[in-house]
Amino acid sequence: MQYLERAEKLKEYLKKNKKKPVKAGADNSKSEDKKSDSGDSDTDSDPEKKKLQSKLEGVIINENTNVRWSDVIGLDGAIEALKEAVILPMHFPHLFTGRRIPWKGILLFGPPGTGKSYLAKAVATEANQATFFSASSSDLVSKWLGESEKLVKNLFELARQKERSIIFIDEIDSLCSSRSDNESESARRIKTEFLVQMQGVGNHNENILVLGATNIPWVLDSAIRRRFEKRIYIPLPEKQARAAMFKLHLGNTSHCLTEEDFKKLAASTSGYSGADISIIVRDALMQPIRQVQTATHFKRVTGPSPKDPSVIVDDLLTPCSPGDPAAIEMNWMEVDGDKLFEPSVTMVRFTDISSIF
């Protein structure tokens with residue numbers, strides 16, 4: 001009986017909400033229906049596009065990365081090529097007319113840790129008149145069928161809406177490797193969409209520069225490689241560049257290294273990348289802290305106050321050997337936070353470079 005009552009209630013509800021049929025002679029109503037149908041279809045398609053583009057808003061770099069050309073060491077050739085492709089067309093658009101057009105695709109390739117992504121940060125800072133998109137595979141690959149290629153398409157459409165855009169794709173080999181019979185259909189569609197958007201019929205990319213970075217360019221699909229018109233090799237730093245990198249990474253930290261010491265460090269790090277040198281310096285900068293932690297004796301010294309460097313005080317404490325005449329037996333827990341004098345970084349801190357790797 002309960003099932004019959006429910007069925008009757010459903011029947012009455014459907015009768016009440018049933019739409020009246022449209023008369024055949026009602027021309028006005030037909031035109032209104034057509035308008036409403038087209039409006040409905042537009043609203044159905046727009047939310048999806050808005051959803052995809054709002055998803056891609058996160059790849060736009062709005063904050064200043066604070067990396068200048070002067071911060072990039074030993075890559076003068078790459079910097080000049082990027083200035084030619086990005087900065088000059090913005091400042092002197094009248095120079096790039098007729099057959100003289102700026103590069104549409106630049107590929108940065110070379111060993112890991114040589115500064116490819118760092119160069120992209122410098123471009124984002126220096127090209128402040130352009131919108132910088134930094135995309136990776138996680139931003140463009142979706143688990144839903146057909147959404148990945150839509151994300152690629154919407155990324156380029158979003159870039160075309162801006163006056164000048166730079167699309168940076170780090171580790172582009174993860175998205176655009178060589179096509180084969182064993183790959184999935186979704187991966188093939190992403191590559192096809194990239195090819196169409198970068199240089200396809202009906203797509204105008206006059207104001208878009210695609211900047212790619214990879215460690216393994218031979219893995220890239222040949223059609224993708226062809227679309228990167230300018231290919232720049234980012235090599236390992238030379239001796240002079242390595243010495244400058246040691247100075248740069250030390251910064252304004254207190255140290256006792258001379259020019260000769262920097263030359264010795266550069267000579268002993270042949271074959272090291274910029275990232276390797278950065279790790280070496282960071283490890284050396286931690287050595288004074290380890291010295292403070294393991295020290296059993298401290299002595300009083302005169303130096304600038306940690307709170308106000310312009311004030312010189314004479315009651316600071318710094319680690320020393322137990323045999324020092326002024327040594328006081330104590331550990332770091334007994335030293336006040338504003339009374340510790342920072343030990344300087346010395347050449348001895350770098351003597352164990354090879355043991356780091």
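**Group meeting: a walk through the predicted model**

At 24% relative accessibility, Asp283 counts as partly exposed. I start with this residue for its partner. The side chain of Asp283 meets that of Arg290 in a salt bridge, 3.5 Å from N to O. Arg290 is partly exposed too, at 34% relative accessibility.

Keep in mind that this is a predicted model. Now let's step back.

The protein has 357 residues, and buried residues make up 36% of them. Its secondary structure comes to eleven helices and eight strands. The accessible surface is about 21,900 Å². Carbon and sulfur atoms hold 52% of that surface. Next, contacts. Take those with a separation of 6 or more: 75% of them join residues 24 or more positions apart.

On to the open sheet. In what order do its five strands stand? The order is β2-β3-β4-β1-β5, and the pairing is parallel. At the edges are β2, residues 131-135, and β5, residues 230-233. Each has a single partner strand, so one side of each is left without a neighbour in the sheet. Neighbouring strands here are turned by 15° against each other on average, ignoring direction. What holds such strands together? Strands of a sheet pair through backbone hydrogen bonds.

Look at one pair inside this sheet. Strand β3 covers residues 165-170, and β4 covers residues 208-214. Six bridges join them in the parallel sense. For one example, Phe168 has Leu211 in β4 as its bridge partner.

Glu171 has a positive phi, near 50°. Glu171 is also partly exposed, with a relative accessible area of 33%.

Now the other strands. Which way do β6 and β7 pair, parallel or antiparallel? They pair in the antiparallel sense, over seven bridges. Strand β6 spans residues 297-304, and β7 spans residues 312-320. His297 stands opposite Cys320 in β7. Strand β6 also has two bridges to β8, residues 328-329, again antiparallel. There, Phe298 has Ile328 as its bridge partner.

Back to salt bridges. How many does a search of the whole structure find? The count is eight. One of them joins the side chains of Lys299 and Asp324, at 3.3 Å from N to O. Lys299 is in strand β6, and Asp324 is in the loop between β7 and β8. The two are 25 residues apart, so this pair links distant parts of the chain. Lys299 is partly exposed, at 24% relative accessible area. Asp324 is partly exposed as well, at 21%.

Another salt bridge joins Lys247 and Glu259, at 2.9 Å from N to O. Lys247 lies in helix α9 and Glu259 in helix α10, so the pair ties together parts twelve residues apart in sequence. Both ends are partly exposed: Lys247 at 35%, Glu259 at 48%.

Last stop, the surface. Which residues form a nonpolar patch there? They are Leu88, Phe92 and Leu95, with about 240 Å² of accessible area together. Leu95 sits in the loop between α3 and β1. Its relative accessible area is 36%, so Leu95 counts as partly exposed.

Notes. Residues are numbered from 1 along each chain as its sequence is written. This is a predicted model: local features need pLDDT of at least 70, side-chain atom pairs count only at pLDDT 80 or more; totals for chains, interfaces and linings use all residues. Side-chain values use heavy atoms; hydrogens and water are left out. Two strands pair if DSSP finds at least two bridges between them. Helices (H or I, at least four residues) and strands (E, at least two) are DSSP runs, numbered from the N terminus. Axes are lines fitted to C-alpha atoms, for helices over the stretch in contact, and angles run from 0 to 180 degrees between N-to-C directions. Patches are made of residues with over 30% relative accessible area and no salt bridge: like charges are joined within 9 Å, nonpolar side chains (Val, Leu, Ile, Met, Phe, Trp, Tyr) within 5 Å. Accessible areas come from the Shrake-Rupley method with a 1.4 Å probe; for residues, only the protein chains shown count as cover. A salt bridge is a side-chain nitrogen of Lys or Arg within 4 Å of a carboxyl oxygen of Asp or Glu. Buried means under 20% relative accessible area, exposed over 50%, partly exposed in between (1.4 Å probe, protein chains only). Contact means heavy atoms within 4.5 Å.
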